[in-house]
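Subject: Structure handover

Hello,

Here is the structure I promised to pass on. Please open it first, then read my notes below.

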Amino acid sequence: MMNFRPPDTRTRPSNGSNSSVTAEKALSFISKGWQEVRSSADADLQLIKNRANSFKNLADREFENFLNSASISSPFVVPVITSSATTMTPVKEIDFVKKLKPKLSEIRRVYSSPEFKWPTQGKLKIDLSAIKNAIVSEVEEEERWRKWRRERLKEEGQFGEFNWEPIKAFKTRLRELEVELTGSSSSAADIFEGIKNSEFVVKVKSSLKSICKEPEETKGVPPLDVPELLAYLVRQSSPFLDQIGIKRDISEKIVESLYSKGQSKLLLHSLPGGESSLIDSEIMNDELDLRIASVLQSTGHCYEGGFWGDAKQNPAGDKRHVAIVTTASLPWMTGTAVNPLFRAAYLAKSEKQNVTLLVPWLCKSDQELVYPNQLTFSSPEDQELYIRNWLEERIGFKANFKISFYPGKFAKERRSILPAGDTSQFIPSRDADIAILEEPEHLNWYHHGKRWTDKFNHVVGIVHTNYLEYIKREKNGALQAFFVKHINNWVTRAYCDKVLRLSAATQDLPKSLVCNVHGVNPKFLKIGKKAAADRQSGEKVFSKGAYFLGKMVWAKGYRELIDLLSKHKTDLDGFNLDVFGNGEDAHEVESTAKRLNLNVNFMKGRDHADDSLHGYKVFINPSISDVLCTATAEALAMGKFVVCADHPSNEFFQAFPNCFTYKTPEDFVAKVEEAMFSEPHPLTPEEQYKLSWEAATQRFMEYSDLDKVLSSETSLDRRHRKGMGKSVSMPNLEQMVDGGLAFAHNCLTGNEFLRLCTGAIPRTRDYDQQHCNDLRLLPPQVENPIYGW
């Protein structure tokens, strides 16, 4: 294509002839240039078309080769790469290529024919009829198959696993409803009226009204009168009245008298024939609670919280957590060291809850005073290892529970271990769910810290010791017992949700029940089974006479034993008694028996399961200061006779045929002679189970409500649960009194002067530096920078 440049006419003359010639040349030049441009464009278009045809022919050949490869004798396979690069494994034949071959061939012929022309307009129109027909044919075939299947199933009356009858019935009911609404008239107002009055709508409206309307019993509830208010106030104030000396039965009589005045007419109408009777206290309490609750509900009042209570922790994780806190630890062989250890093992055995045993840690100077045979530990880890080895030797399985330590001090005058500092802080808040306080009064005499019932969701106390009986034996014992009795009431009410007493020999504490939740070491049951088997085979099992085993202090029954033997020395002529024990009063007890010329042989204390004790036939225990003597239970488990006093502490053992109880000194002599000249009865399987820790754990779960607590939501969830309940719909004055007692106790125990006046060990409100070193604790001033007053 030529470059166009117009002529320069600026220097030429402008006459007519020259102008016409110039115009003709210009037009000729423009025409020639346009022809060249068009011919060049045609050449370019033809080149593009040729290249497109070439590309189309190449694609047709490649596609034809692909189709031909599917029709050969060997199937088309997809190669799979293996460890060898040259190995090809057939996976699956491509059958759909064979199905598409006729249709694709037809498409190829259409677009490869010479008659096919590219569209000259801006839009390309491609005939997709072949693809459409191929797809439609497949869809029609599938639809015909589905139609045939539906007709076949319709004839059988079902579709797959679903019955069509409910749908038919529902459609029929809709048609009937439509006929009812539109049968008589077809106007919109008539149809709306029909819907409004239809049976279905009427039923829905009545259901909604029954849900939304107020209960009829809340209407017209008469208000509380003055006697009812006074009765409720006196009943809720019974904890405070008990502290000032007004007994529970007196306050119940006052409540009964006040409440009966307002309810006399109602009771006369409710009793048959107009007869009147005294109101049962429990029924009266329930009626009073329901009366108060109904009045509060009718007014719309709902009490949502406590005056003293704090928010408790929700248990973390799937399992609940049980913390057992006790006042002694092995190797001190005392009841509060052994029994909580077995309880922790058997609670953890079920693996339904996590268990932690919290025991006191004594510094080395105190260990030398408490632990036998000069046994001491340099670290808590060493003592924990000793405890676990001792336990596993006796129970026969590995107990999966945690052992923790809290600071403790040994009180020589009281011969017991007292906590130093706040014991509750050694249970982390994430594990503060359920607490079992072994000897709750002992743990809380000088407790200055967080309230147990505030930190834990459920707190159970287990009373081991009859402190009042021990205190009465001391100087000014009656006066001391009076104060200790009220202090025990105070602390157990303030810090426990429920209290279990091992026997009726203990003090009657608030919120308490009597139940033996202790078992015997499995080792003693094995000894008893072996003795029964040996006797059945004809062997002589019991070759020795009578014995007594216990800590050698006067309060453990030694005073009663010496009195009985000395008074009936002539009646028991030829009777010898072997005594095993160590203790503070050992020298005095031995000298007294020697002075009275009693036939008693004193020997060093030893384990009750020792082989040297298996041959004794009669165990004598005259103690009346015990709550539940563990040695008595062990002797029964070994198949021996037991001679003990007819006392509330022995009520659990009286059901066993080998237990002889006496009421008088003369009866004691008769029971001893009967036991010495008889043979014990072998224990039945039921009696063996009753003595076991499995049965004791079951009793504990039941009487402490622990089975209900573990299988239900936490007390925090129950406290926030909606609905009318006695503890939610009205304030609980008893809880307010308990909280006030806990607050007052916390204030008193925070003062060092008052602590010393009541017999506390000096400087035990906090743990000392030695405890910080042994237990790796922060100093109290660092742990609690703002600490009381």
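Let me start with the aromatic rings. The count comes to 21 aromatic pairs. One of them joins Y346 and W693, and it is stacked, with 6.3 Å centre to centre and 15 degrees between the planes. This pair links distant parts of the chain: Y346 lies in helix α11 (residues 335-349) and W693 in helix α24 (residues 693-703), 347 residues apart. Are these two residues buried or exposed? Both Y346 and W693 are buried.

Please keep in mind that this is a predicted model. The average pLDDT of the chain is 76, and 64% of the residues score at least 70. Two stretches need care. Over residues 71-94 pLDDT stays under 50, and the model has 21 contacts beyond four places in sequence for them. Over residues 265-279 pLDDT also stays under 50, with nine such contacts. Where pLDDT is low, the predicted coordinates should not be read in detail.

Now the overall picture. The chain has 789 residues, of which 39% count as buried. Its secondary structure comes to 31 helices and 16 strands. Among contacts with a separation of 6 or more, 71% are between residues 24 or more positions apart.

Back to α24. Its buried residues are W693, A695, A696, T697, R699, F700 and M701. Their cover includes α11, β7 (434-438), β8 (458-463), β9 (498-501), α23 (685-691) and α25 (706-710). F700 has a charge over its ring: the charged end of R343 sits there, 5.4 Å from the ring centre. After α24 comes D705, which has a positive phi, near 65 degrees. Elsewhere, the charged end of R414 sits over the ring of W445, 5.5 Å from its centre.

Next, strand β3 (residues 320-325). Six of its six residues are buried, so β3 is largely enclosed by the rest of the structure. R320, V322 and I324 point one way, while H321, A323 and V325 point the other way. β3 pairs in the parallel sense with strand β4 (residues 353-361) over six bridges. There, V322 stands opposite V355 in β4. How does the chain get from β3 to β4, and which helix does it pass through? It goes through α11, in a right-handed β-α-β crossover. β3 also pairs with β7, again in the parallel sense, over four bridges. I324 has I436 in β7 as its bridge partner.

Then look further along the chain, at strand β12 (residues 577-580). L577 and V579 point one way and D578 and F580 the other, and all are buried. Strand β11 (residues 544-549) runs parallel to β12 and is joined to it by four bridges. F548 stands opposite V579 in β12. With helix α19 (residues 558-567) between them in the unit's name order, β11 and β12 make a right-handed β-α-β unit. From β12 the chain crosses through helix α20 (residues 586-595) to β13, and this β-α-β crossover is right-handed too. β12 and strand β13 (residues 600-603) pair in the parallel sense over four bridges. V600 in β13 is the bridge partner of L577.

One last stop is a ring cluster. Ring pairs link Y547, F548, Y558, F580, Y616 and F619. F548 is the residue that stands opposite V579, and F580 is one of the buried residues of β12.

Best wishes

Key:
Residues numbered from 1 in each chain as written. Predicted model: local features only at pLDDT ≥ 70, side-chain atom pairs only at ≥ 80, totals over all residues. Heavy atoms only, no water. pLDDT = per-residue confidence, 0-100. Contact = heavy atoms within 4.5 Å. Buried < 20%, exposed > 50% of the residue type's maximum accessible area, 1.4 Å probe, protein only. Helix = DSSP H or I, 4+ residues; strand = E, 2+ residues; numbered from the N terminus. Pairing = 2+ DSSP bridges. Right-handed = clockwise from strand over helix to strand, strands pointing away. Phe/Tyr/Trp six-rings, centres within 6.5 Å; stacked < 30°, edge-to-face > 60°. Lys NZ or Arg CZ within 6 Å of the ring centre and 35° of its normal.
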